[in-house]
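The following note sets out several points on this structure in numbered form. Please read each point with the model in view.

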Amino acid sequence: MTRAEQQARKAQQERMRQVERRHKEAARGQMDLPFLILTLLLTAIGLIMLFSASFPRAYYDTGDGTYYFKRQAIFAIIGLVAMFVVSKINYQRWRGAGRLLVGLALFLLILVIIPHNPLAITSNNATRWLGIRGVFQFQPSEIAKLAVIVYFSDTISKKREKMLTWRQGILPYLALLVVIGVLMMLEPHLSGTVLIFATGAVLMIVGGIQGWLVAAGVTGVSALAFLFVKLAEAGVIKYGAARIEMWHNPWADYYGDGYQLAQSLITIGSGGLLGVGLGRGRQKFLYLPEQYNDFIFSVVCEELGLIGACVIMLIFSMLILRGFWIALHARDRFGALLVVGVMTHLALQTFLNIAVVSGFVPTTGISLPFFSYGGTALCLQLVEMGIVLSVSRQMPAARAG
């Protein structure tokens, strides 16, 4: 190695050390307090409502009315600790985790659909979980969501003008989304597939793909959704046909396929303006299915009424808007994309859950963030909030606050 090459190498190493020092200094900033308070508030309210909604089912199933609440509370504590730890870590370190997370997600998604796999858990005609029933279980799709956010954010942040090309900006991301989507539909898991596709698409749009592709994509997806509904109504497509029929009129088969949505609408209507009171709901007493999971928002409406439900939706809205504000003020492109991915996923999941329980869209299995029962899902949600808080630590001082 020549003297000039040695000097160039030393200069490069010095620049890298300077960049690392700047990142370390920036990471010592204060986390965004409004975002933290809103996250803690939703976690606390979610635990309270889970306790109320799950008590009858827990008592019926286990003899202990606090069974589901205690398990969720333990995971909430673990998740909050993980959130604070992640918020202290420089978010730049997530760059190297993208490919590892994608590989892990693909492995787990394949593992869950292997026939006769003893680790795969089937519930409600869908095999979406891995683990040991009653002890520990999780959905690989939750890992896949985080993997898409981190991998897309890392690679898109490096491409810039290359995102305008089909080969660099569309094809690799579309291929990955299709592979993940196919594996998830084999479970089947339609709502999770929609969430991952939508989150990936938003990241590609923010990353700078061509405008006409955005318009074409929105038009194409809308046309496919409309065609799917019409074919299902006509009986050509069997998957989801009953859900779409009951979406139009759940009372047509009240004691069959329409029972869940009908009970949800009855529960929501029972709350009126002010609700029947926290803990005093009646529909959770084994009338409303999935009352502490996918349909917990119906219990919120019954016990807290329209006003209480609107307050909770307002808190969700404030958290989401604050998250996008952090994305706008992020230190770099990677941090902005990370926050956009996390908040897009949270916003879409919240909207779809509320839309499902209120009959705005056909019934599908999708949980309400921070509220629905599911320990690993709650932990991952809080880890994602930790990532956002980590990005907020490095906001330029002139823009922070």
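1. Strands β1 and β2 (residues 126-132) pair in the antiparallel sense over 4 bridges; two strands pair if DSSP finds at least two bridges between them. Helices (H or I, at least four residues) and strands (E, at least two) are DSSP runs, numbered from the N terminus. Within this pairing, T122 stands opposite T127 in β2.

2. The model is predicted: local features need pLDDT of at least 70 and side-chain atom pairs count only at pLDDT 80 or more, while totals for chains, interfaces and linings use all residues. Residues are numbered from 1 along each chain as its sequence is written, and side-chain values use heavy atoms, with hydrogens and water left out.

3. An open sheet is formed by 3 strands in the order β1-β2-β3, with antiparallel pairing. Its edge strands, β1 (120-123) and β3 (136-138), each pair on one side only.

4. Helix α5 (residues 140-159) and helix α7 (residues 171-185) have axes that come within 11 Å and cross at roughly 175 degrees. Axes are lines fitted to C-alpha atoms, for helices over the stretch in contact, and angles run from 0 to 180 degrees between N-to-C directions. The two helices α5 and α7 are therefore roughly antiparallel (angles under 35 degrees count as roughly parallel, over 145 as roughly antiparallel, 65 to 115 as roughly perpendicular and the rest as oblique).

5. S367 lies in the loop between α13 (333-357) and α14 (375-393). Its relative accessibility is 16%, so S367 counts as buried (under 20% relative accessible area; exposed is over 50%, partly exposed in between; 1.4 Å probe, protein chains only).
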